[in-house]
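I opened my notebook to look a few things up in this structure. My entries follow in the order I made them.

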Amino acid sequence: MEIYHKDGTFPRYCEAVRKSLDDNRFNEFAQLTSDEERFRFVNGLRKIVDELQLKREYNGKGMEQATALKTLGNKAFQAERWNDALVFYNKCYVSTPKENVQEKSIILANRSAALYHLEKYDLALRDIQRALDHQYPNQMMYKLVERKARCFLAKKEYEAALECFKATVTALDDSNLPLERRQKLERDAQIMINLLPKNIELEKKTKKKASKADQSATTTKVPDNFIEKALWFDESPDEGRFARTNTDLKPNTILLLERPHVSVLLEDYSLDHCTHCFKRVSVPIACPLCADVVFCSDDCETKANATYHRYECGFLPILWGSGASITCHMALRMITQKSEEYFLKLKPELAGLTNEQIDKLPVDDYRKVYKLVTHESTRSPEDFFQRTLMATLLNACLTLGGYGGCPQEQNFIGGLLVHNLQLLQFNAHEVSEMIRETAEDIGKSTFIGGGLYPTLALFNHSCDPGVTRYYRGNQVCVRTVKNIPADSMVAENYGPLFTQVRRDERRDTLLHQYRFTCQCVPCVENWPLFTEMDPGVIRFRCDSGKICSNVLLIPAAVNDFMVKCTECGEHTNIMKGLKSLQDTDMLFKTATRLHSSGEYEAALRKYVEMMETMSEVLVPPYRDYHLCQQGLRACMLEFGNRFTRAVAKK
């Protein structure tokens with residue numbers, strides 16, 4: 001993975017700095033053996049801040065722009081185009097500068113009105129509270145309190161609604177409304193005050209019955225991090241660390257749920273996804289200072305601004321404009337999400353970490369990822385130079401953002417940036433979202449950001465992987481898509497599947513990107529592409545009582561149902577297998593229909609039944625076997641991030 005895009009400012013800067021070094025000076029750099037030494041050397045060549053004219057800028061906010069957007073929102077609201085109003089109010093809110101506190105409160109109140117009409121009552125209540133926190137004008141307070149009452153009323157929370165209607169009457173005392181208008185609002189509120197006690201009594205009785213009924217019910221909370229107990233991690237000189245299973249795994253088994261050690265959104269998705277958890281945001285919470293990111297909740301905004309965003313805020317346009325890849329941003333955030341003191345405390349123990357120590361650490365501990373493979377010994381001096389120069393750019397943003405202390409400590413942090421840029425190249429994963437243009441669209445898995453998942457990073461590759469992965473926000477979920485026997489490697493996929501791309505091209509891609517020659521079964525045996533699999537030949541498993549791994553190649557129009565194995569000499573009765581395959585045809589049609597109708601859990605069960613039936617009698621590669629795997633993957637993606645554009649526009 002490249003560290004920069006060619007259309008940014010950094011490539012030209014990198015070329016200029018490299019040309020400024022004569023052979024002797026560059027050879028001096030090439031002899032350095034540690035990332036900290038490399039950083040110290042390159043950081044002393046030129047003043048990065050001066051050359052790239054780096055400075056913190058809060059673009060995208062301004063009252064002129066915000067006022068224009070507010071006007072458009074008000075016009076849409078008056079025309080009862082609630083969704084259009086919401087879009088304009090969102091943009092207005094993000095554009096409003098921090099110092100315009102009361103104006104921000106008014107736009108939040110306006111947005112709450114649009115949300116109320118869209119029947120998004122919880123979000124409306126959130127905006128009402130935020131408007132109150134932003135010094136909403138006292139003479140207009142009756143509007144907010146009355147809207148709050150209406151939201152609670154719609155939610156059938158009658159006690160809360162009653163209190164808000166009472167507060168509405170009080171708030172009207174501070175309004176500057178004409179007497180007639182004020183009296184009407186008071187009468188309306190008083191009617192509700194008189195009616196609601198009856199609803200409250202009924203609500204209490206209903207809640208009492210519901211609480212008794214719920215006593216036996218249990219709610220299963222999805223854990224942030226989970227590893228299937230059958231999974232363990234082996235190690236060998238050729239394969240490094242890799243996942244194995246100590247029991248037979250069935251298809252559709254969840255093996256891993258993992259939050260990232262670090263995750264970063266692509267620029268294109270920074271204003272419609274939460275920068276902290278990656279959830280798609282329809283009603284954003286804005287950063288107080290910049291207009292470059294949004295959040296889905298107060299909790300995400302608080303966590304981000306308490307750590308990494310306080311240092312990145314105002315520098316994101318510089319990173320994006322420089323052409324720095326997402327791995328560069330991730331390398332920076334691996335630092336900004338922790339304090340400088342945190343890393344200095346870790347410094348003495350980083351070099352001596354063992355796998356036993358690492359495995360016990362939580363996901364957010366830097367030591368958990370420090371020892372991930374970097375292929376440092378195979379890197380060229382030019383590669384080191386480019387990454388180190390990028391690290392100086394990232395460090396300049398850190399320094400200008402107020403992170404770090406003395407030069408010696410900066411050199412250590414700079415060395416970690418260089419190290420991060422190396423390990424992310426081989427261990428980061430693309431975070432995806434299934435995006436459809438219409439509800440009928442098959443959808444496309446779209447790259448929206450990157451994440452580093454410490455456990456997932458240990459899985460090795462296969463061109464016929466046993467698992468698939470999808471994302472919920474920035475949490476990864478890994479599920480099996482075939483039977484995996486005990487003591488087998490559990491592999492995921494880093495690139496093309498064997499069904500789609502020929503072996504030589506797959507191996508070239510993997511060698512270039514990940515520096516290994518793939519030795520998975522499809523590569524060793526050179527399995528055919530999906531389009532080249534012969535549907536007229538069935539690949540049966542030898543049914544011998546002896547241990548035999550031979551494959552029986554049987555024509556689909558066979559008449560002899562007892563077939564002798566050329567390896568073990570035993571006979572296999574393929575009648576049972578042929579009958580099973582007839583059953584799988586019906587299962588596949590049913591699963592496909594269920595998937596198309598949105599019944600994903602039911603479809604998955606049918607695909608699993610089909611896969612288990614075929615696994616008993618067939619040996620891949622076989623067309624129906626891989627169609628079933630494709631169906632499993634497609635169903636599983638429906639449980640992850642997904643978005644349909646046409647629905648959002650209604």
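**Entry 1: the largest cavity.** Which residues line the largest cavity? I looked them up in the model, which is predicted. The lining is made of S432, E433, M434, S445, Y470, Y471, L637, G640 and N641. Two elements, β8 (428-436) and β10 (467-472), each give two or more residues to this lining. β8 gives the most, with three residues. I also noted the volume: the largest cavity holds about 50 Å³ of space. I counted three cavities of 30 Å³ or more.

**Entry 2: the whole protein.** Next I stepped back. I found 26 helices and 16 strands. The C-alpha atoms fill a box of roughly 100 × 75 × 40 Å along the principal axes. Of the 650 residues, 50% are buried. The protein exposes about 32,000 Å², and carbon and sulfur atoms supply 50% of that area. Residues 24 or more positions apart account for 67% of them.

**Entry 3: charges.** I looked up 87 positive and 87 negative charges. Their mean positions are 5 Å apart.

**Entry 4: the loop between α24 and α25.** Is V619 buried or exposed? V619 sits in the loop between α24 (600-617) and α25 (623-637). Its relative accessible area is 14%, so V619 is buried, the cut-off being under 20%. What does V619 touch, apart from its neighbours within four places in sequence? I listed R539, F540, R541 and V551. R539 is 80 residues away from V619 along the chain, yet their C-alpha atoms are separated by 5.6 Å. P621 lies in this loop between α24 and α25 too. The peptide bond from P620 to P621 is cis, with omega near 10°.

**Entry 5: two positive phi angles.** E80 is not a glycine, but I read a positive phi of about 60° for it. E80 is found in the loop between α5 (63-78) and α6 (82-95). Its relative accessible area is 55%, so E80 counts as exposed, which takes over 50%. R515 is not a glycine either, and its phi is positive at about 65°. Where does R515 lie? I found R515 in the loop between α21 (503-514) and α22 (521-524). R515 has a relative accessible area of 28%, so I wrote it down as partly exposed.

Methods. Residues numbered from 1 in each chain as written. Predicted model: local features only at pLDDT ≥ 70, side-chain atom pairs only at ≥ 80, totals over all residues. Heavy atoms only, no water. Helix = DSSP H or I, 4+ residues; strand = E, 2+ residues; numbered from the N terminus. Buried < 20%, exposed > 50% of the residue type's maximum accessible area, 1.4 Å probe, protein only. Contact = heavy atoms within 4.5 Å. Areas by Shrake-Rupley, 256 points an atom, 1.4 Å probe, with all protein chains shown as cover. Lys, Arg positive; Asp, Glu negative; His and termini not counted. Charge placed at Lys NZ, Arg CZ, Asp CG, Glu CD. 1 Å grid on protein atoms, 1.4 Å probe; cavity = no way out; pocket = protein on both sides within 12 Å on 5 of 7 lines; lining within 4 Å. Points joined across faces, edges and corners; volume = space filled by probe spheres on them.
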